[in-house]
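Morning, everyone. Please look at the structure on the screen, and I will walk you through it.

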Amino acid sequence: MSGASPVPDVARIDALARQLALTPHELLALTGVLANRPDALLDAERLAQALACLRQAPQAAAAAADLLLLGCGAYVLDDVDRVLPLLWSSPDPDRG
Amino acid sequence: MRGAALIVLAWNQWPTTRRCLESLLATRPFAAQVIVVDNGSSDATPQELAAFADRVRIVTLPENLGFVRGMNAGIAAADADADVVLLNNDLVFEQADWLERLRDAAYAAPEIGIVGCRQRGPQEKHLLYHAGGFTEPDDIWGQQTESGSMERDVAQYTSARRVQHVAFALAYLRRDCLQRIGTLDEAFHSYFEDTDYCLRAAAFGIATVNAGAVTLKHEQHGSTQDDGGFRQRLWAASRATFMARWQDKLRAGYRGEVLWQGTTRAPAAHAHLARLLVRRLDARGLRMSFAAVAAEVADAQDYRLALAARRRTAPPVDAALVCAAGEHFLAARGRHRLGLTWSDWTQAPADWVAGANALDLLLVPDAFQREAFLRAGVRTLIEILPLGVDADYCHPQVPAPRDPHGRCVFLCVIEDAERDAPERVLGAFSAAFARDAEVFLLMLVQPGPGAQALAERLERQCAGDARIRVRGNWNWPWHQRAQLLRSADVYLSARRGGGYDPCVADALACGLQLIASDFGSSGELARRHGVALAAQPCIDARIGLEWAEPEFEALVAALRATHRRTRTVDEVTAAARTFAHSHSIEASADRLVQRIGELAALAPAAPAPTPHRPIDLQRSASGQVLVLGMHRSGTSCVAGLLARMGVHVGPQRDLLIGPDNPKGHYESGRLHGACLRRLGDAGGDWRDPPVAAPAAAVDAFRGAVGALIDEFDAQRPWLFKEPRLCLLARELLPLLTRPLFVHVARDPHKVAASLSARDRMHPAQALALWERYTREAFAASAGWPRVLVDYDALCAQPLAIARELFEQLRAQGIDGLSWPGDADVLAWVDAPARTSNTPLAAMTSAQLALQAAIAERSILAQHAAQALRGAA
């Protein structure tokens, strides 16, 4: 791998969500729904189905988005005596 | 001298056994005989073991009888009075004083019978395999630590504590426990016999303790690895046996069903309490279940919390406790409903009020929170539940990865950008210190929605400042939280919000300095134990409620002040220990269980069995007599009287004679010297007895007195008399065989008058010293055979009191006594020079109660803790 994937910024996510008449959290949940079948073609019909599912269960969508928004850092435990020495020595341990 | 039999059970795997024996013998265990039980080994063990025959006793069994019968064979081979220590052959002894520390724990109280230790794995960064465990009736699957996880060894559970069971890979069994309970139950082949034994002992009031001062390396299953499923079959068979015997009994121990409704992840403080309290409530007889109040992928770092989440209970449960923001109170699903929460503002949010009023009881951590809910109009019962710290995890000895540059490290944990004011902290830090100052600010953003973005924003704010690190997207193992704190010098909680921040108390228990806002739940702790930041009321624009902004200049000043402050290690340790003692999560759990029980009218807890006492075994005294009494209390007179009855006092040339007691002290000079050294090694003397008991001082004392016991044992009955033994007798219990304690008491005013005259001691100090010696003496002998001699009565009625003492000794089974004759008694017990009992100083109420308990002899019925705290 020669570098990290570009991460869309907040403004772009907002714009895409608005275009689909979704909140950014719902958009996040939508990506989860769509990712559920990576082999299927993503076309307008499938997008509409996924959007319909999402709108029928707004609480579940919000809960799913909340879980995702915690970020992977919430679920992966990293030992204190591994991380702290990195912090003492490097301005940015993720890049250092 | 009585000692211990160290029983190593071996079955094949000779290299493992050799490593165990070599490391064990290298520790030169004092007063111990090593017994190796060869459980029918077919490898090189029998031949190789022969080379150890001069150092260990070998018991050879014809075939592998399993762990239980093999250990029982070792116990049968041990000296009939010896304590025994069961040892797996896959242990490695890296701690020289392991046996002595086990002895300390075993004899800390009369009811203790079984002692285990911390066991850690062989990894480079050791995993803690065992620290005292428990078994839940749901799955009958022995858990080896309170969290049920194999945590990294971060010095957790390093104090002695009572547990449900210990793993018999190492178990110190006191002889009186063995005599009460018997040997291991041979219904088990291997596995579960240890839990069974501890539970059987508990039914007889015998306590099991894990000695945190001992850590051994355990290369588990050294004797059963690569066995083609043999071990698994043994385990399953023993589990079935155990289940049939104990599962229903364990279930019957529950008093009721309680549903904890909360979170295991965020907010962090609520999740922290779920981890701290669910396990403790369950261990205290409440069958806990758990339901999340919001969507979450449950955190699985605590076994009992995860088990609670798996449990299915028929609603409604006896009680539901919602530990979450007040908006969740209406979701409480129990016959009785409790809430446990706090708010960040001077007044709780209005949309919490209806839910709070639907509760039967609202618990809050402090008076600030109580006011906030009252101010909001909550009318339900509100009580304060102080939330303590887990001192088993949070203490100053937790090893920490410290800053290699030695800078003063400030730690700040952020969860909510508005509440926690991180930008203000960064600004104040930059303003407080020059660029080249030896300081470092570590700011951690807790995982959560927006955490990464917040961390990046803060990083930008302090870009280029090498003294500051901001880290987001990091979730550290909960059991390592004290490591994180101990890596810093100062915990900084300069929040606007006044809610409960568990890191504040944890930091104080770890010995950190504290800077916190003088507002909300942290305010009082900051005022009493740290630096309280002046804060000005302001409005949280998001909700329109008032909280407080720490003053910028105050924060700058606090940062500088804590940076300048220096404390010795002893000061840090003492302050942290005192804080943890008075802010214990165990007390919080006790109170919570009590209130739930009262509110839900739960069945009372089954009465605990009467604590075991060695005296209840009605064994004859062996003829080892310890005369205990404060200086100037007549102990020399009583010792001389006993000598005339035929009790050996040691060689004449060794006995002390001094100007203050020309008739003789009847006190061995070598014993006297050992006592002097013991107190001196701990930094004290008889006038100023030390509180601490340094391990080296205890071990040297045991070694010296142990040699004397060996010598004196050639001529039983014998006595040791030395007033300092009041403070030290407990340390000798592992070496004594069925001892008898003779307490000598005298009017404390006469003791004080005598000390004032002889030593120019202030009477109040003399009375305090009398109290200390007397309490410790009766605490040491609690549960053991003992008699009490009133020296004033002896002087008034020598023949009657001496005869009573003589008969008491004979009734205890001491052989070899003879009545010296009335004339001899009268000639010996001549009244001392008249000492005034006119009070030279007023006695405290506790001293008066102690005096009364002695006069009424009710002190003889007290247990050790009562004697120490003087509950008369």
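First, a definition: helices (H or I, at least four residues) and strands (E, at least two) are DSSP runs, numbered from the N terminus. This is a predicted model, where local features need pLDDT of at least 70, side-chain atom pairs count only at pLDDT 80 or more, and totals for chains, interfaces and linings use all residues. Residues are numbered from 1 along each chain as its sequence is written, while chains are lettered from A and ligands numbered from 1 in the order in which they are written.

Start with chain B. Its secondary structure comes to 31 helices and 28 strands. The C-alpha trace spans about 95 × 75 × 60 Å along its principal axes. Next, the radius of gyration, taken over C-alpha atoms; the globule rule is 2.2 Å times the number of residues to the power 0.38. For 872 residues, a compact globule would come near 29 Å, and chain B agrees with its 31 Å.

How much of chain B is buried? Buried residues are 54% of the 872. Here, buried means 20 or more other C-beta atoms within 10 Å of a residue's own, exposed means 12 or fewer, and partly exposed is in between; C-beta atoms are placed from the backbone.

Now the domains, with bounds from an automatic or database domain assignment. Chain B has domain 1 (4-248), domain 2 (254-384), domain 3 (408-583) and domain 4 (623-648 + 716-869). The centres of domain 1 and domain 4 of chain B, over C-alpha atoms, are 40 Å apart. Nine residues of domain 1 of chain B are in contact with nine of domain 4 of chain B. Contact means that the C-beta atoms of two residues, placed from the backbone, lie within 7 Å.

Helix α19 of chain B covers residues 569-582. Which residues of α19(B) are buried? They are Ala576(B), Phe579(B) and Ala580(B). These sit on the same side of α19(B), because they cover an arc of only 95° around the axis. That arc is taken over the directions from the helix axis to the C-beta atoms. The face turned away from the buried side carries exposed Asp570(B), Glu571(B), His581(B) and Ser582(B). The cover over the buried residues of α19(B) includes α16 (502-509) and α17 (523-529) of chain B.

Last, the two chains together. In chain A, 21 residues are in contact with 27 residues of chain B. On the chain A side, α4 (58-69) and α5 (80-89) of chain A are the elements giving two or more residues. α5(A) gives the most, with seven residues.

Notes:
Expected span 1.5 Å × (residues − 1).
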